[in-house]
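Here is a walk through a structure, one piece at a time. Keep the sequence and the 3D view open while you read.

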Amino acid sequence: MSHIKLELKPEQVAKIKEICKSFNNDPGELINVLHKTQETFGYLPAEVQEVVAAELNISVAKVYGVVTFYSFFTMIPKGKHPISICTGTACYVRGAEKVLDEFKRILNVKVGETTPDGKFSLNCLRCVGACGLAPVVLIGEKVYGRVSPDGVKDIIKEYEEQ
Amino acid sequence: METVKLTIDNKQVEVPKGTTIYKAARKLGIDIPVLCYMELHDLGVENKPAGCRICVVEVEGRRNLAPSCATECAEGMVVKTHTTRVINARRTVMELILSDHPKDCLTCPKSGRCDLQDMAIKLGIREIPGQEYAEMSTYKKDFSPSIIRDVDKCIMCRRCETMCNEVQTVGALSAVNRGFMAVVAPAFEQDLEKSPCTYCGQCVAVCPTGALTEVDHTTKVIRAIADPTKTVLVQTAPAVRAALGEEFCMKPGTLVTGKMVAALRQIGFDYVFDTDFAADLTIMEEGTELLDRLTRFLNGDKNVKLPILTSCCPGWVNFFEHNFTDMLDVPSSAKSPQQMFGAIAKSYFAEKLGKKREELVVVSVMPCLAKKYECQRDEFKVDGNPDVDFSISTRELAHLIKEFNINFEELPDEDFDRPLGESTGAGVIFGATGGVIEAAVRSAYEIHTGKPLPRIDFTELRGMEGIRSATIDFNGLPINIGIAHGLGNARKLLEDVRSGKANYHAIEVMACPGGCIGGGGQPLHHGNSAIIKARMEAIYREDAGKPIRKSHENPYIVKLYEEFLGKPMSEKAHHLLHTHYFSKKKDIYIK
């Protein structure tokens, strides 16, 4: 698994230690610790997992096992503009997959990945409750409705200069 | 004790409350098939993730089938283990497991000894429907110096994970990822070499498939034997002779020392020597070091490090280099017998033959996979030439014997060559937990007190308990001895020493449960500890039958010191027979 090499600053290490301590450094609280840590850092890079493992006195392999088991946890930082494509039933039947393919083609990333410049990350989700606008794409908090594959280029363009 | 009564396949059985259906069935002689389940009785370890679902049974009144390995018996339960529903379910489960399993059985190193293959045969699987829908995982093979991981063959039984974490507390392996990509791997799916793996090989010993196997050195050995410019020496570890016979359908505990020597000669080794000789040499060095530290301690030297820890076991050495980096000066500096043998073979013996060290090839036969790593360590090389060139496991030797068309069972007994083949009973018992320290006591006592031992057998140091201790009276001086086998037990003992809770003069540690007889390179025992006990009895039988049973009385050892080394811990001995240790701890706090 490739990951972006990261150097933790002393205050970041202190923050992780503080989170672990708030759960009494109990190995049984690993999932809660990881939740809180991801909330703080946005993702769980290898270096963060190593500190968590040391603090809870469990193996790094075990921490990594839990991180890779639950889809909520991620080792990849979110892009500046997180893109979420709804692949719920309504959006799917209205061509969400073609829209997704277009995002993948233009950004040259797979689902769950982030572009090397850190600008965009691509993810799927199931239903944002705007089925009338299907297919729906979210960029950050902003909702785009009735997106066609042809329109993807223009949406990306809006954010490229930002 | 509270009990429950139940019926399994129309037979009544009464078992203690809390017993699983699987175990209750076994009591009735009904062997429910299991795949992920593993029980190691003497270690008190059970692997029952109930993940494979091969062991399902029908329980009357229950909607779904129950995994018998993890379902407790209840009063009045009616269980059926071979109804059509159960058999269909088992076959479907097996077909699903096989659907994304590589189909290269013909060339798989585990073929013929594979639990998955055996199960497919038992369940009568003839085709694998649905494999076109299965996604094959595509992990690259991970080659470490000792162990090969081919995790496309991992079936997620998690036996290796239990061994690595619960028994050995090494923490190199964990289940990672999901679905078709789910496998057992080190952190961040890095190679084993970058993990805290000690190469003890206990994961390989329990892996039911070809996902974890040893690095095979037999081809290199065959080439060396065929090379006319090389003189090839072989040394055999004590535990090999007590287990090799099992690979030829002999009863566990059959001693095959003489046949093994004959087979090695037929294979074409120029000299068949014994690691036991080097074990005797280890006792001379390690025992002297113990007495030296003791004497200094008794004379009030505050800097002396006690307890002394044995250093014969390369898995154990790797373990403390990873986990006890603050105590690197505590273990004995004596090299392991394998490496002492190599160093003496390529100096003293090469001189005797009038050959250069490069013309000699030293092969070791070991019950161990960590020995493959050990012989490649840089500090055991001279100008890039290793003291021990190749290390093969007991299993690899069995394979060589078969490949060389040797009828092992019919072989006459032969003796080891001299001088490096002569050994005492003390060298033999290195193969079992407690053996090294017993051998050390036999010699250290006589050297220290100048009196003959009143008895040779120290039964208080023997046994299968994970952590043992005993006090041996050295003519008025009580010597406290600790013994641990299995790295989890070693960790406990060492932590007690570090915190000052335990007070020992000498501690023996072996990485594998049972000592070398239970090593990761031995014939697979499938968790049956009766086999390990039978091997242990064989080791002590060999010791009892030896004319000389104390290392310092080995005439060829005496001669080696007279002709070559001077005395134990001399400058020459230090140079050839001692080593130092390195911290392998990773700096995890990155600036």
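Begin in chain B, with B:Gly201. The model is a predicted one. Is B:Gly201 buried or exposed? A residue counts as buried once 20 or more other C-beta atoms lie within 10 Å of its own. B:Gly201 has 29 C-beta neighbours inside 10 Å, so the residue counts as buried.

Which residues does B:Gly201 contact, once neighbours within four places in sequence are set aside? The list includes B:Ser146 and B:Ile147. B:Glu214 is on it as well. So are B:Cys368, B:Leu369 and B:Ala370, and also the glycines B:Gly519, B:Gly520 and B:Gly521. One further pair gives a distance in chain B. B:Leu577 is 376 residues from B:Gly201 along the chain, and their C-alpha atoms are separated by 26 Å.

Now turn to chain A. The chain has 7 helices and 4 strands. Read from the N terminus, the order of elements is α-α-α-α-β-α-α-β-β-β-α. The C-alpha atoms fill a box of roughly 50 × 30 × 25 Å along the principal axes. Of the 162 residues in chain A, 30% are buried. Take the contacts in chain A with a separation of 6 or more: 60% of them join residues 24 or more positions apart.

Chain A is divided into two domains. Domain 1 covers 10-69, and domain 2 covers 81-160. Their centres, taken over C-alpha atoms, are separated by 31 Å.

Next come the helix pairs. Two packed helices are described by the angle between their axes and the distance between the axes. Start with H2(A), residues 30-41, and H3(A). Their axes come within 11 Å and cross at roughly 145°. The crossing is right-handed. From H2(A), the contact takes in A:Leu30, A:Val33, A:Leu34, A:Thr37 and A:Phe41. These meet A:Val48, A:Val52 and A:Leu56 in H3(A). By class, the contact has 7 nonpolar residues, 1 polar and no charged.

The second pair is H6(A), residues 96-107, with H7(A), residues 152-160. Here the axes come within 10 Å and cross at roughly 50°. How do the two helices lie to each other? Angles under 35 degrees count as roughly parallel, and those of 65 to 115 as roughly perpendicular. H6(A) and H7(A) are therefore oblique to each other. Their crossing is right-handed. H6(A) brings A:Val99, A:Glu102, A:Phe103 and A:Ile106 to the contact. H7(A) brings A:Val152, A:Lys153 and A:Ile156. This contact divides into 5 nonpolar residues, no polar and 2 charged.

Last, look at where the two chains touch. On chain A, 17 residues are in contact with 17 residues of chain B. Which elements of chain A give two or more residues to this side? They are helix H3 (46-56) and helix H4 (60-69). H4(A) gives the largest share, 7 residues. By class, this side of chain A has 10 nonpolar, 3 polar and 4 charged residues.

How values were computed: Residues are numbered from 1 along each chain as its sequence is written. Chains are lettered from A and ligands numbered from 1 in the order in which they are written. This is a predicted model: local features need pLDDT of at least 70, side-chain atom pairs count only at pLDDT 80 or more; totals for chains, interfaces and linings use all residues. Axes are lines fitted to C-alpha atoms, for helices over the stretch in contact, and angles run from 0 to 180 degrees between N-to-C directions. Angles under 35 degrees count as roughly parallel, over 145 as roughly antiparallel, 65 to 115 as roughly perpendicular and the rest as oblique. A crossing is left-handed if the near helix is turned anticlockwise from the far one by less than a right angle, and right-handed if clockwise. Two residues are in contact if their C-beta atoms, placed from the backbone, lie within 7 Å. Ala, Val, Leu, Ile, Met, Phe, Trp, Tyr, Cys and Pro count as nonpolar, Asp, Glu, Lys and Arg as charged, and the others, Gly among them, as polar. Domain bounds come from an automatic or database domain assignment. A residue is buried if 20 or more other C-beta atoms lie within 10 Å of its own, exposed if 12 or fewer, and partly exposed in between; C-beta atoms are placed from the backbone.
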